[in-house]
Amino acid sequence: MNEPVKTFSVWNYIADEIEARCWTVEELAARMGGDADVNLCGLEFLQLEEPQILLGQEMAEKFSAAFGTSVELWLNLDTAFRAAAPTS
């Protein structure tokens, strides 16, 4: 019998990464470019960890730039989390 794949929200991944890099959320927002207030608002939104909240291409691109990863990484994390989330 196959065990279910463990998924986690994008926010969990971000929280682990900023801790490992010794960044603050404000520093991450600055590294994402653009308006830090807007970026912080987007980060707070992701903390809700609601499966119906889509990450979106624009935020994925900003995370990609900030962390030096691919856009696909962020979109795939988000898709996997939402697909595994129980529906009510």
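1. Let me start with the core. The largest nonpolar core has 16 residues, and the members touching the most others are Val 10, Ile 14, Leu 28, Leu 55, Phe 63, Phe 67 and Trp 74. A nonpolar core here is a set of buried Ala, Val, Leu, Ile, Met, Phe, Trp, Tyr and Cys residues joined through side-chain atoms within 4.5 Å. Helix 1, helix 4 and helix 5 are the elements that give two or more residues to this core, and helix 4 gives the most, with 5 residues. "Buried" stands for under 20% relative accessible area, "exposed" for over 50%, and "partly exposed" for what lies in between (1.4 Å probe, protein chains only).

2. A word on what you are looking at. This is a predicted model, in which local features need pLDDT of at least 70 and side-chain atom pairs count only at pLDDT 80 or more, while totals for chains, interfaces and linings use all residues. Residues are numbered from 1 along each chain as its sequence is written, and side-chain values use heavy atoms, with hydrogens and water left out.

3. Helices (H or I, at least four residues) and strands (E, at least two) are DSSP runs, numbered from the N terminus. Of the 88 residues in the chain, 34% are buried. Taking contacts between residues at least 6 apart in sequence, 53% join residues at least 24 apart; contact means heavy atoms within 4.5 Å.

4. Beyond its neighbours within four places in sequence, Ser 64 contacts Thr 69, Ser 70, Val 71 and Trp 74. Just after helix 4, Gly 68 has a positive phi of about 70°.

5. Now for the aromatics. The count is 4 aromatic pairs, where rings of Phe, Tyr and Trp (its six-membered ring) pair if their centres lie within 6.5 Å; planes under 30 degrees apart are stacked, over 60 edge-to-face, and the rest tilted. Trp 23 and Phe 67 are a stacked pair, because their ring centres are 5.4 Å apart and their planes are at 25°. This pair links distant parts of the chain, 44 residues apart: Trp 23 is in the loop between helix 1 (10–20) and helix 2 (25–31), and Phe 67 is in helix 4. Both Trp 23 and Phe 67 are buried. Tyr 13, Trp 23, Phe 63, Phe 67 and Trp 74 form one aromatic cluster.

6. How do helix 1 and helix 5 cross? Their axes come within 9 Å and cross at roughly 130°, with axes being lines fitted to C-alpha atoms, for helices over the stretch in contact, and angles running from 0 to 180 degrees between N-to-C directions. The two helices are therefore oblique to each other; angles under 35 degrees count as roughly parallel, over 145 as roughly antiparallel, 65 to 115 as roughly perpendicular, and the rest as oblique. On the helix 1 side, Val 10, Tyr 13 and Ile 14 meet Leu 73, Trp 74, Leu 77 and Asp 78 of helix 5.

7. Next, the charged pairs. There are 4 salt bridges, each a side-chain nitrogen of Lys or Arg within 4 Å of a carboxyl oxygen of Asp or Glu. Among them, Asp 78 and Arg 82 meet at 3.1 Å, N to O; both lie in helix 5 (residues 71–84), 4 residues apart, about one turn of the helix. Asp 78 is buried at 6% relative accessible area, and Arg 82 is partly exposed at 25%.

8. Two further salt bridges are worth checking on screen. Glu 58 pairs with Lys 62, with the closest N and O atoms 3.5 Å apart, and these residues are 4 apart in helix 4, about one helical turn. Glu 58 counts as exposed at 55% relative accessibility, whereas Lys 62 counts as buried at 19%. Glu 17 pairs with Arg 21 at 2.9 Å between the closest N and O atoms; Arg 21 is partly exposed, at 33%.

9. Finally, a backbone detail. Cys 22 has a positive phi of about 60° although it is not a glycine. Cys 22 sits in the loop between helix 1 and helix 2 and is exposed, with a relative accessible area of 69%.
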